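Notes are in the order I looked things up.

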Protein chains: 2
Amino acid sequence: MPATVTAFEKSPDRGRGLARDMRVRWACEEVGEPIEVQLVSFEALKAPAHRARNPFGQIPTWTEGELVLFESGSIVFHVAERHPGLLPAEPGGRARAITWMFAALNTVEPPIVERQNAILAEGHESWTRERLPVLEERIRKRLAELSAYLGERDWLDGAFSAGDLLMVTVLRRLSGSGLVEEYPNLAAYVAHGEARPAYRRAFAAQLAVFKAAPAG
Amino acid sequence: MPATVTAFEKSPDRGRGLARDMRVRWACEEVGEPIEVQLVSFEALKAPAHRARNPFGQIPTWTEGELVLFESGSIVFHVAERHPGLLPAEPGGRARAITWMFAALNTVEPPIVERQNAILAEGHESWTRERLPVLEERIRKRLAELSAYLGERDWLDGAFSAGDLLMVTVLRRLSGSGLVEEYPNLAAYVAHGEARPAYRRAFAAQLAVFKAAPAG
């Protein structure tokens, strides 16, 4: 029985692959782990059946027999641990790849989500227009540091890993802002991730959901 | 040779144990892993020697022979993987503890850091006073969800784990705000973590640094 992964029934990003189920879909495509996707409406996210899977009412979740997990980082790690391809076998490289997973989610993503909150949740507030440049400077600081580290590397640390997978999806959340494009090596890095066959299959799968039931 | 962990030379929290080295100190105390702490000034954080350890110029880092790690979540995981006591041996329980590690850092901590940024980095901005209640509602949403899940449990999932260690340190970042106290079971959960002997030893060690060189 393949594991069941939850995703939005109506993707608020109109099929651009920015929701967090994309991370799990991509990881599973990289390693050949089959999944079944269960679509969840916004109302059902807050209902007890989904809260039992994830107390915070978010997607994605992972249900595999008795085991229920949530948090895209945790699910990607779970998939990465049991197949070769997303974490190096050598202990030092493995620990460094895990460091990059946490760096993507706990250092690079938070200011990006702050900007998204400013636009989506505080877009109508009087302060948002004046405040956006402050947030964009906060993001640029992280992007500049990441760009300086990355230099001419293809991936963050040797071969492609779960750290790259999460970092690319985090940077993609800036699509349309022009911010990543200010750092040509980061833009190339994202494009390099998006060119992977596993990424393309995962992207097509989530896009097919949007095409079947376009967001209102 | 024990691993070297970096921490702030002058703790901006005046010894309240809110900096992220506390997470690593506590994890090491829980499992009996010895560490050497290297204090880093704010200027040195941005210098090449520290950037070589962490491209984002943050503490804590972990240096153990050739291996250099950063991100408190990653270091806590590295410590947890090689000693019993912070991750269950049973695979399902282990995966769920890892889910809680990511939930602490990627779902609960970001709105708390947003509030901290509002106070520390945007405290002088015209919008901050009006905006703080919006941020506090965003935090309350997560706290209410966590509180509803926790119920009368002692810890998030069975025995104390690295997930609890990170969650308690994340909730402690709200010290003084009164927000955690609105949810008595969360306040009791934090107190339960703070009462652990390993926590107390780690707290005393970071407080000793502050007492030796009080922040200006």
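**Starting at the sheet edge**

I began with Glu64(A), and its opposite number in strand 4 of chain A is Leu67(A). Before going on, a reminder to myself that this is a predicted model.

I then checked the pairing around that spot. Strand 3 of chain A covers residues 61–64, and its partner, strand 4 of chain A, runs antiparallel to it over 4 bridges.

Next I wanted the whole sheet. In chain A I find an open sheet of 4 strands, in the order 2-1-3-4, with mixed pairing. Strand 2 (35–40) and strand 4 (67–70) of chain A are the edge strands, each pairing on one side only. I also looked up the twist, which averages 25° from one strand to the next.

**The parallel part**

I moved over to strand 1 of chain A, residues 3–8, which runs parallel to strand 2 of chain A and is joined to it by 6 bridges. Which residue stands opposite Phe8(A) in strand 2 of chain A? I looked, and Val40(A) does.

**Helices in chain A**

Back at the other end of the sheet, I saw helix 4 (residues 72–81) of chain A lying across strand 3 and strand 4 of chain A. Its angle to strand 4 of chain A comes out at about 130°.

Then I took helix 6 of chain A, residues 128–150. Its 23 residues reach 32 Å from first C-alpha to last, close to the 33 Å expected at 1.5 Å a residue. I listed its buried residues as Arg131(A), Leu135(A), Leu143(A) and Leu146(A). What do the buried residues of helix 6 of chain A pack against? I get helix 5 (91–120) and helix 8 (184–194) of chain A. Just after helix 6 of chain A sits Gly151(A), with a positive phi of about 50°.

**One alanine in chain B**

Last, I picked Ala80(B), which lies in helix 4 (residues 72–81) of chain B. Is Ala80(B) buried or exposed? I call Ala80(B) buried, because 24 other C-beta atoms lie within 10 Å and the cut-off is 20 or more. Leaving out residues up to four places away in sequence, Ala80(B) touches Ala27(B), Leu86(B), Leu87(B) and Ala162(B). I followed up on Ala162(B): it is 82 residues from Ala80(B) along the chain, yet their C-alpha atoms are separated by 7.0 Å.

Methods. Residues numbered from 1 in each chain as written. Chains lettered and ligands numbered in written order. Predicted model: local features only at pLDDT ≥ 70, side-chain atom pairs only at ≥ 80, totals over all residues. Pairing = 2+ DSSP bridges. Helix = DSSP H or I, 4+ residues; strand = E, 2+ residues; numbered from the N terminus. Axes fitted to C-alpha atoms, helices over the stretch in contact; angles between N-to-C directions. Contact = placed C-beta atoms within 7 Å. Buried ≥ 20, exposed ≤ 12 C-beta atoms within 10 Å, placed from the backbone. Expected span 1.5 Å × (residues − 1).
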